[in-house]
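Please look over this model with me. My notes are below, point by point.

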Amino acid sequence: MTSKDQIIKAARKVFERFGFNKASMGDIATASRKGRRTIYTHFSGKEEVFRAVIDTEVQKLADKLRDLTRQQVSPKEKLRQYMQTRMNDLRELTVYYDALRRDIVSDINYMEDIRKEYDRMEVEMLQAILDEGNALGEFDIADTFLVSEAIVLAAKGFELPIFLGRSDYDHNRLINPLIDLLYDGIKKRTVSSPIK
């Protein structure tokens, strides 16, 4: 792990514990066991460290989901695992959600750019699953891109209680019915011959 990676890892814990406003570069230096000068060789200030933490959080989830799309399981199971992994791991994006809740990054366009890029990656990953399902004859979807965009939009509805910090929210009980409903709508149907 590079010195910069160590700083980002330690900074995540600092931001998670104190929040952006109360955390200081001194706290980050102490937590990472690096001198402040070392931190300033990698980052211009606290906001840049914060951005690096958010980028790392989001990229880890994207990598995990991308790996999942390459597994040797049925497209339906991939879709189910994708949604479960996505929702379970979103709970871990504490620094990211804190930034969204509090508008603490001065350049709000930065947060919007991250969100758009992540949405684009998700649509791409889901489309790969749906295309695979079409190719295997499991799904019958005319426009996999459009359906992928719809799934990403629907999944955002699951995020709202997490974003609001509701600890009593259990998204797992909702995922399977959603996948079953979605699967029923996109599965390939066999056409029976008419009765003579």
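1. Helix H1 (residues 3-22) packs against helix H4 (residues 46-69) at an angle of about 110 degrees, and the axes lie 10 Å apart. Helices here are DSSP runs (H or I, at least four residues; strands are E, at least two), numbered from the N terminus. Axes are lines fitted to C-alpha atoms, for helices over the stretch in contact, and angles run from 0 to 180 degrees between N-to-C directions. H1 is therefore roughly perpendicular to H4 (65 to 115 degrees; under 35 is roughly parallel, over 145 roughly antiparallel, the rest oblique).

2. A note on the source. This is a predicted model: local features need pLDDT of at least 70, side-chain atom pairs count only at pLDDT 80 or more, and totals for chains, interfaces and linings use all residues. Residues are numbered from 1 along each chain as its sequence is written, and side-chain values use heavy atoms, leaving out hydrogens and water.

3. Which residues meet where H1 packs on H4? From H1 come Ile8, Ala11, Arg12, Phe15, Phe20 and Asn21. H4 answers with Lys46, Glu47, Val49, Phe50, Ala52, Val53, Thr56 and Glu57. Contact means heavy atoms within 4.5 Å. By class, the residues of this contact are eight nonpolar, two polar and four charged (nonpolar: Ala, Val, Leu, Ile, Met, Phe, Trp, Tyr, Cys and Pro; charged: Asp, Glu, Lys and Arg; polar: the others, Gly among them).

4. The largest nonpolar core has 47 residues, and Phe15, Ile28 and Tyr82 have the most contacts inside it. H1, H2, H4, H5, helix H7 (108-135), helix H8 (144-163) and helix H9 (172-186) each supply at least two residues of this core. H4 gives the most, with 10 residues. Such a core is a set of buried Ala, Val, Leu, Ile, Met, Phe, Trp, Tyr and Cys residues joined through side-chain atoms within 4.5 Å.

5. Tyr82 deserves a look. Leaving out residues up to four places away in sequence, Tyr82 touches Leu65, Leu68, Thr69, Glu122, Met125, Leu126 and Ile129.

6. Is Arg80 buried or exposed? Arg80 is buried, at 14% relative accessibility (buried is under 20% relative accessible area, exposed over 50%, partly exposed in between; 1.4 Å probe, protein chains only). Arg80 sits in helix H5 (residues 75-90). Beyond its neighbours within four places in sequence, Arg80 contacts Asn176, Ile179 and Asp180.

7. Ala31 belongs to helix H2 (residues 25-32). Ala31 is partly exposed, with a relative accessible area of 41%. Ala31 touches Ala10 and Val14, residues up to four places away in sequence not counted. Ala31 and Ala11 are 20 residues apart in sequence, yet 7.2 Å apart in space, C-alpha to C-alpha.
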